[in-house]
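Q: Could you walk me through how to read a few features here, charged pairs to begin with?

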Amino acid sequence: MANKSIDHAFTTRSLTSAASDPTYAGALSFMRRKYTKSLKGADAVVWGIPFDAAVSNRPGARFGPQAIRRAAAIFDNDPQYPFDRDLFEAMAVIDYGDCLLDYGNHQKTPATIEREASKILASGAFLMSMGGDHFVTWPLLKAHAAKHGQLALVQFDAHQDTWFDDGKRIDHGSFVGRAVRDGVIDPTRSIQVGIRTHAPEDCGIRILYGYDVEDMSATQIAATIADHVGDAPCYVTFDIDCLDPAFAPGTGTPVAGGPSSAKMLSVLQKLGGLDIKGADIVEVAPAYDHADITAIAGASVAMHYLGLLAERRSRR
Ligand SMILES: [Mn+2]
């Protein structure tokens, strides 16, 4: 048992290098990153946003960050597949904990998330957020656009999230339309992947529907995304309900006929050419999960974001 340690999340002094906690024990943080509210020296920040008051169907995504952190314990200190590297060898990643929200005052929620996200982004670190329902992406997009300008949105989702919006609603199904109308995202460079519902409007965003995704290979899907987004600064949001309920039962609004986790993780791995400015994973609701299927898929999406970031940094 050489070089073994435990509780890396609070015992480590370094923000880099893989942890060696046993996968079945030790303090949980995302991939055992150091838990800290200090942004100093962080290249990337993992942050939980435990909010699910905007759902149209089943609640429970407020437990998403906890479930994803726990599932992330499966990533031990071996090089992470498919990146074949210690993601933290040269990249300092912290777990910033969660966003504190007033569960009795939801109208304050978007401003709180935006303010806290802006604080993190001001440090220069990459922000990878864990929802929460999909409403949380709205204030996250605003914070990222304030720093980087108008963004292309790459959205993995069963739903377009362009339903009715009056600019004030706290609704997980309308943030995309709002982001288009407010100029936060450029619809002509944005793309939605895995859509299996029809909203009243597409807002000019390119859609790859669920059955298109079924017919296409991961390589074709990734190439279509890369062609459409081009060199625009982009934000990637992954609603876990993009996956078929067979691969992600633990979510609020499941829709049959979706892709596998293998296919979509493979797509993510191939997006290294994009100029990704921020990313999130949302809608993991562990109360409806079985054997951590959904939480593991969500943790894997998050790990892939960090893998792409580690690859990008090594290319510099
Ligand atoms: Mn969604």
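A: A salt bridge is a side-chain nitrogen of Lys or Arg within 4 Å of a carboxyl oxygen of Asp or Glu. This is a predicted model, where local features need pLDDT of at least 70 and side-chain atom pairs count only at pLDDT 80 or more, while totals for chains, interfaces and linings use all residues. Residues are numbered from 1 along each chain as its sequence is written, and side-chain values use heavy atoms, leaving out hydrogens and water.

Q: How many salt bridges does a search of the whole structure find?
A: It finds 14. Take Glu114 and Lys142, whose side chains pair up at 3.4 Å, N to O. Glu114 sits in helix H3 (residues 109-122) and Lys142 in helix H4 (residues 137-148), so this pair ties together parts 28 residues apart in sequence. Helices here are DSSP runs of H or I, at least four residues, and strands are E runs of at least two, numbered from the N terminus.

Q: Is Asp171 buried or exposed?
A: Buried means under 20% relative accessible area, exposed over 50%, partly exposed in between (1.4 Å probe, protein chains only). Asp171 has 11% relative accessibility, so it counts as buried. Its salt-bridge partner at 2.6 Å, N to O, is Arg169, which is partly exposed at 34%.

Q: Which residues are linked with Glu201 in a network of salt bridges?
A: Asp165, Arg178 and Arg181 join Glu201 in that network. Within it, the side chains of Glu201 and Arg181 meet at 3.4 Å, N to O. Glu201 is partly exposed at 36% relative accessibility, and Arg181 is partly exposed at 44%.
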